[in-house]
Amino acid sequence: RIEIEHCTDCINCDIKGQEECILCAPGYDVSEDGKSCVLFTEDEHCVYIEDGYCFQCEAKFGPNENNTCTPCVEGCFYCDQSNEFCDVCDHGYYQTKDDLCIKCDVENCASCSDDGKVCESCFGQYLLDEQGTCSTPCPFPDCAECSADGCNDCFQKYYRDLDGKCK
């Protein structure tokens with residue numbers, strides 16, 4: 001019997017030069033000529049493959065039992081293999097005790113309290129007020145992340161001066 005690495009089923013396995021793999025181990029695909037098993041890397045969202053298995057997907061995708069990446073549930077930045085639970089929620093969502101992601105109730109809110117009603121930080125173009133809302137637009141030009149004291153971060157091609165303004 002002639003062995004083809006990672007091949008689990010073949011045709012003419014006993015005839016040298018005529019052996020052809022028809023089924024490969026999980027994480028591998030049969031090559032076009034059937035003479036070998038090649039690492040499965042077709043999934044464009046997979047960012048970490050080891051021994052043919054996709055272990056990590058890009059943000060907002062999670063690895064599944066078919067060795068591919070599937071979209072996470074809405075509001076989830078990183079999800080588990082079952083895609084039912086979220087490891088990290090996306091901006092504008094909060095994580096429940098059941099590892100679900102629920103949209104914050106506050107408009108323009110980047111992160112909020114456990115009940116979603118009080119904002120803890122706003123998306124860059126808004127100021128967080130004392131009531132925990134994000135209704136005031138940033139008054140500073142060219143500011144990517146705003147605070148009441150000035151800009152925390154500037155848009156590309158601008159720099160933050162000592163007074164907290166973008167130039």
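**Note on a predicted strand-only chain**

1. D161 has a relative accessible area of 13% and therefore counts as buried, where buried stands for under 20%, exposed for over 50% and partly exposed for what lies in between, with a 1.4 Å probe and only protein chains considered. The side chain of D161 meets that of K167 in a salt bridge, with 3.7 Å from N to O, and K167 is partly exposed at 49%. A salt bridge here requires a side-chain nitrogen of Lys or Arg within 4 Å of a carboxyl oxygen of Asp or Glu.

2. The model is predicted, so local features need pLDDT of at least 70 and side-chain atom pairs pLDDT 80 or more, while totals for chains, interfaces and linings use all residues. Residues are numbered from 1 along each chain as its sequence is written, and side-chain values use heavy atoms, with hydrogens and water left out.

3. The protein chain has 18 strands and 0 helices; these elements are DSSP runs numbered from the N terminus, helices being H or I over at least four residues and strands being E over at least two. The radius of gyration of the protein chain is 25 Å, whereas a compact globule of 167 residues would have one near 15 Å, a rule that takes 2.2 Å times the number of residues to the power 0.38, with the radius itself taken over C-alpha atoms. The C-alpha trace spans about 80 × 40 × 15 Å along its principal axes.

4. Of the 167 residues, 36% count as buried. Among the contacts with a separation of 6 or more, 10% join residues 24 or more positions apart, a contact being heavy atoms within 4.5 Å. The protein chain exposes about 11,000 Å², and carbon and sulfur atoms supply 48% of this area, as computed by the Shrake-Rupley method with a 1.4 Å probe.

5. The search of the whole structure gives 3 salt bridges. One of them joins D90 and K60, whose closest N and O atoms are 2.8 Å apart; because D90 lies in the loop between β10 (86-89) and β11 (93-95) and K60 in the loop between β6 and β7 (61-63), the pair ties together parts that are 30 residues apart in sequence. D90 is buried at 15%, while K60, at 38%, is partly exposed.

6. Another salt bridge is made by the side chains of D105 and K117, at 3.2 Å from N to O. D105 sits in the loop between β12 (101-103) and β13 (109-112) and K117 in the loop between β13 and β14 (119-122), 12 residues apart. D105 is exposed at 51%, and K117 is exposed at 52%.

7. Leaving aside residues up to four places away in sequence, A25 touches H6 and T8.

8. Y48, found in strand β5, is partly exposed at 38%.
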